[in-house]
Amino acid sequence: MNDSTPGVAPADVDLGRVWLGVAVQVWRRRSSRLERVAERLLGSAGLARALVTTPSLLLPWLIASAGVFAAGALATRLGAGEPLVALVAPALAGAGIAYAYGPGIDPAWELACSMAVSDRMVLLVRALGVLAVDAVLGVAASAVSGAAVGVTFGWLVPMVAVSALALAVATVARSANVGVAAGLAAWCITVLAGQAATGTVAVAVTDGSLFVFYVACAVICAVVVLCATRIPRERPTPWTSRGAS
Amino acid sequence: MSIETAVAHGYPEPRPLPSATNIDAGGLTRRFGRTEAVAGVDLCAGPGVLGLLGPNGAGKTSLLRMLATVIPPSSGRLQLLERDPRIHAERREIRRRLGYLPQNLGYYPGFTVIEFVEYFALLKEMAPARVPAAVAAAVERVDLGGKARARLRTLSGGMLRRVGIAQAIVNDPQLLLLDEPTAGLDPEQRIAFRALLRELGESATVLVSTHLVEDVGAACGRVALMESGRIVFHGTPAELVARGDQGAGDAPLERGYSAVLAGARA
C-alpha cells in the first residue's frame, strides 16, 4: 500500500536521478535509417554520424548537384550532342569534396581534430560519400542525356582526379575555397587545352591516353593528403626532445 | 604578503596530488614560422584544477592545443595520461579520455544541444549504449536542461559556451582542457561553473586557461603563469598572492599576477 502523501516525494528518492532517467528517454535522438546502415557498414557510430553531417551531402547541396546534372543532361539532349554531363561531373565532385571537411567548412573543426575518431578517417569517409553520390547522380544524368552514352563512365576517372586535386590543395592550403578554385581551374585548363589541340571539347573524357595522367594525378594527390594529415610518430620527430630529458 | 596571510584571505592550500601524472611535459616548444609561441615549457600535473594565466599572446592557447593533441610540438617531451601521443594507438586512447574546449569553438547552427553533445560523444568513441545517459547528465550539469532541444542558432553566447563545456565533460574525461571557459558567462553561471570545476578536479586533471584571476582564486588548487611562451610561475594561488607586495591591481591575486609578470619582463 502506498502511504506517501500525494505530491510530496519520499525522502529517500533522488529526484535528480529520476529526472535524468526521464530526460534520457525524452531527449533520445532517433538516428535515421541511412545513419544506421552507415554505422553497420563503417563499424563506428561516430564515423556514421560524421558522414551524415557532411556539409556537401546535406539536402541543399544535393538538390543543387542534382540540378546541375539535370541541366547538363537537358543541354546535352537538346544541344549538339556534346557530353556536358561528363564535363560537369568532375568539377562538381571536386567542389563537393573540398567542401566536405576542413577548417572554415566544418565549424567545429579544431574540436574534431582532438577526437578519438581520427580526422583523416572522417575526411576519407566523407570524400568517398561525396564521390559515390556524385557518381550515382552522374550515371543517372548520363543515361538520361542519351547522346553521351559513349562516355557514360568516361568521366569517372577524371572525376576522381579532380576531386583528389581539390582535396589535396584544400588540405595543404587549409582552405576549401582554394581547393575548389584549384580543382575547377585544373579541369577547365584540361578541357580547354584538349579542345584547342583537337577541336573537340569532349576529348578530356574520351581520350583513353589521358586516363593514365588522371590516375597518376589522383595517386599523387592522395599521397599529398596522407602526408598533410599525418602526425609524426617516428623518433626523432617534432614530438621528441631536443636535449630535454 | 606571507603565504599564511594569503591562505587567510581564502586562497586554498594545495591538496597533495594523487600519484597519477596526467600531464608530463618537458622542454615543450611550438614554433609558427619564426614565432616561438611556446618556448620550452616544463609542466607536470596530476588530478586537480590548474589555472593557466597570462597576457594575450603568452602562448596559453598554443600550449593547450598541443596538450589536446590538435597540433604537435616543434620539440620537447610530452606524455599525456601516461601515454605517448606520437603513437597512433596511444593518441587514440588519450583522446577517448580527453575533454577539450577550444577558445573559438564553432557550432553547427542546425544542431540541437543534445545532437551537438551526442555527436562529440560518438566521435570520442563512447559506447553508443552509454551515450544518451552521458549526454543528458552533461547537459544537466551545465544547467541547459531547459534548452536541450533548442537549435544552437537560437542560443545566447553564454549558453553556447555551456554547450561547449557539456561536450568537453560528456565522456567524464581524465584530462580536461578548457580555454577561456567563462567567456560570456554571467556572474551566476560563473559561480556554478567554478563549483563544477572543483568537482571535476577531484578525479581529473583540469587545466583552465583564463584571463580572470578571480576564477583561478576560487576554483584552482594550483596556478601557472605564462609570459612569452614560458611558465614564469607555478605554485598555489596563495603563493602567487604572497608575491604581490610590489604589484599593481585591486585584488591580492591581481597584485601577485602583475608582480610576477613585471619580474619576468625585467
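In this predicted model, strands β5 and β6 of chain B run parallel to each other, and four bridges join them. β6(B) covers residues 175-179. Within this strand, B:Leu177 stands opposite B:Tyr100. A helix lies across both strands: α6 of chain B, residues 157-169. Its direction makes an angle of about 165 degrees with β5(B).

The β5-β6 pair belongs to an open sheet of six strands in chain B. Read across, the order is β5-β6-β7-β3-β8-β9. The pairing in this sheet is mixed. At the edges stand β5 and β9 of chain B, each with pairing on one side only. β9(B) spans residues 230-235. On average, neighbouring strands of the sheet are turned by 15 degrees against each other, direction ignored.

Now step back to the domains. Chain B is divided in two. Domain 1 takes in 3-97 + 176-189 + 203-265, and domain 2 takes in 105-172. Their C-alpha centres lie 26 Å apart. Where the two domains touch, domain 1 of chain B supplies 10 residues and domain 2 of chain B supplies nine residues. On the domain 1 side, α3 and β6 of chain B are the elements that give two or more residues. That side has five nonpolar, two polar and three charged residues.

Next comes the partner chain. Here 44 residues of chain B are in contact with 32 residues of chain A. Several elements of chain B give two or more residues to this contact, including β1 (23-32), α3 (88-96), β5 (98-101) and α5 (131-141). The most comes from α4(B), with seven residues. By class, the chain B side divides into 24 nonpolar, nine polar and 11 charged residues.

What about the interior? In soluble globular proteins, nonpolar side chains tend to be buried together. The largest nonpolar core here holds 149 residues. Among the members that touch the most others are A:Leu165 and A:Leu167 from chain A, and B:Val117, B:Val135 and B:Val139 from chain B. Helix α8 of chain A, residues 156-173, gives the largest share of this core, 13 residues. Both domains of chain B take part: the core draws at least three residues from each.

Which residues does A:Leu165 contact, leaving aside its neighbours within four places in sequence? A:Leu165 is in contact with A:Gly94, A:Ala182, A:Gly183, A:Ala186, A:Cys217 and A:Cys221.

Note on methods. Residues are numbered from 1 along each chain as its sequence is written. Chains are lettered from A and ligands numbered from 1 in the order in which they are written. This is a predicted model: local features need pLDDT of at least 70, side-chain atom pairs count only at pLDDT 80 or more; totals for chains, interfaces and linings use all residues. Two residues are in contact if their C-beta atoms, placed from the backbone, lie within 7 Å. Ala, Val, Leu, Ile, Met, Phe, Trp, Tyr, Cys and Pro count as nonpolar, Asp, Glu, Lys and Arg as charged, and the others, Gly among them, as polar. Two strands pair if DSSP finds at least two bridges between them. Axes are lines fitted to C-alpha atoms, for helices over the stretch in contact, and angles run from 0 to 180 degrees between N-to-C directions. Domain bounds come from an automatic or database domain assignment. A nonpolar core is a set of buried Ala, Val, Leu, Ile, Met, Phe, Trp, Tyr and Cys residues joined through C-beta atoms within 7 Å. A residue is buried if 20 or more other C-beta atoms lie within 10 Å of its own, exposed if 12 or fewer, and partly exposed in between; C-beta atoms are placed from the backbone.
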